[in-house]
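Student: I would like a close look at one part of this model, the metal site. Please walk me through its geometry, then go on to other local features worth checking.

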Amino acid sequence: MRSTHDTPHLHHDPLTARTVFAAPGRAQRPNELEGATIRCPFCAGNESLTPPALLRSPRSAAEPWRARIVPNRFPIVTDTAGDSPGEIGQPGAPRPAHGVHEVVIESPAHVRSILAIDPADWRSLWELCRERLATLADQSGLAWATVFKNSGPRAGASLEHVHSQLVALDFVPPAILAELAVAGRTADPFGDLLRQAAFENRIVEEAGDLVAVVPPAPRQPFETWILPRTAELYFHATTSDRVAALAALTQSLIGRLDRLLPQADYNWWLHQPPYGHAVATHAGAPVPARWHWHLEIMPRINGLAGFELGAGCHITTATPQDSARRLREA
Ligand SMILES: [Zn+2]
Ligand SMILES: [Zn+2]
């Protein structure tokens, strides 16, 4: 039994409206990328080193697994379904961090790159994530969820075996509130983004009705966003065609990045709006009807330095048009 001191809490800074997750238990994580020698908990044969799978692909336990989703042993939140401790940002003691934190083990083999995964398995993996996100969307007490990837040490990974993470929270995080606030000022913010990307030659690639674009102000060279051409709020409610297109585009874009900068570290994260039931109580801003879920892929080429942290503005060495052209040609 963990003490209260060890359970994850949210610390809120009223001066900056910044929220920090304090999860002291994560200091116990093995860090293979900092030289620790470990028995990899994600390899086939080592399943006893993780909690039992919540979901696996293929579904039949008679066949060997190709991907599995398990609870994170070092979570940033505590799962207490249905019991919200209230709004963040209230004065007083740090508030417990409630939600769900899981690991998506993307291959039974000890490989580092998603490029080593068979495309059909990769498609099944995105289906698995979609299914898990849909289940969480029905769970009371949760407001928002994402799936994100840290690939390589500069991107924050502590284990090299290919994996990503799934987090659901009982509040709407600042990055989403900021997008909702800005997007709410125009009728069709993502349609405008796509039209402008076409006009400025920032489209990298298309698959089905998904488009990969370099955003207007990329924080790093080769930053790319993948989004559907037409409005759709939630990835967890999308079609299998779009799931397949997302799988194809993620492998293709990481392949292009890898040819430009071999083994470049990168992050990606899914942005979807808060769950419908959570908007009234948590978001503070309505979800525009024409919002598009999107996956933001950010290579980690330049570290975050003093100006980024102190001024909140990024400095990059590539123009958006140049990044898009080089990705297209790679
Ligand atoms: Zn492994
Ligand atoms: Zn976004």
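Tutor: Start with the geometry in this predicted model. The site of the zinc ion (ligand 1) is tetrahedral, with angles of 103 to 119° among its four donor atoms. Every angle must lie between 85 and 135 degrees for that label, so the site qualifies. The donors are SG of Cys40, SG of Cys43, ND1 of His110 and ND1 of His161, at 2.0 to 2.3 Å. Along the sequence, the donor residues follow the spacing C-x2-C-x66-H-x50-H. Take Cys40 and His161 as a pair: they link distant parts of the chain, 121 residues apart. Cys40 sits in the loop between strand 2 (18–22) and strand 3 (55–57). His161 sits in the loop between strand 7 (144–151) and strand 8 (163–169). Both Cys40 and His161 are buried.

The peptide bond from Ser57 to Pro58 is cis, with omega near -10°. Pro58 belongs to the loop between strand 3 and strand 4 (67–71). Most peptide bonds are trans, and most residues other than glycine have a negative phi.

Two residues have a positive phi. For Asn201, phi is about 65°, although this residue is not a glycine. Asn201 is placed in the loop between helix 3 (189–199) and strand 9 (203–207). Its relative accessible area is 49%, so Asn201 is partly exposed. For Phe222, also not a glycine, phi is near 70°. Phe222 lies in the loop between strand 10 (210–213) and strand 11 (224–228). Phe222 is buried, because its relative accessible area is 6%.

The C-alpha atom of Ser164 is 9.6 Å from that of Asn267, and the two residues are 103 residues apart along the chain. Asn267 is part of strand 12 (residues 266–271). At 5% relative accessibility, Asn267 counts as buried. Beyond four places away in sequence, Asn267 touches Lys149, Asn150, Ala155, Glu296, Ile297, Met298 and Arg300.

Last, a helix pair. Helix 4 (residues 240–260) packs against helix 7 (residues 320–329) at about 95°, with the axes 9 Å apart. That angle makes helix 4 roughly perpendicular to helix 7. Helix 4 contributes Arg256, Leu257 and Leu260 to the contact, and helix 7 contributes Arg326, Leu327 and Arg328. By class, the contact has three nonpolar, no polar and three charged residues.

Conventions
Residues numbered from 1 in each chain as written. Chains lettered and ligands numbered in written order. Predicted model: local features only at pLDDT ≥ 70, side-chain atom pairs only at ≥ 80, totals over all residues. Heavy atoms only, no water. Donors = N, O, S within 2.8 Å, 3.2 Å for Na, K, Ca; no water. Tetrahedral: all angles 85-135°; square planar, octahedral: opposite > 155°, others 65-115°. Helix = DSSP H or I, 4+ residues; strand = E, 2+ residues; numbered from the N terminus. Buried < 20%, exposed > 50% of the residue type's maximum accessible area, 1.4 Å probe, protein only. Axes fitted to C-alpha atoms, helices over the stretch in contact; angles between N-to-C directions. Parallel < 35°, antiparallel > 145°, perpendicular 65-115°, else oblique. Contact = heavy atoms within 4.5 Å. Nonpolar A, V, L, I, M, F, W, Y, C, P; charged D, E, K, R; others polar.
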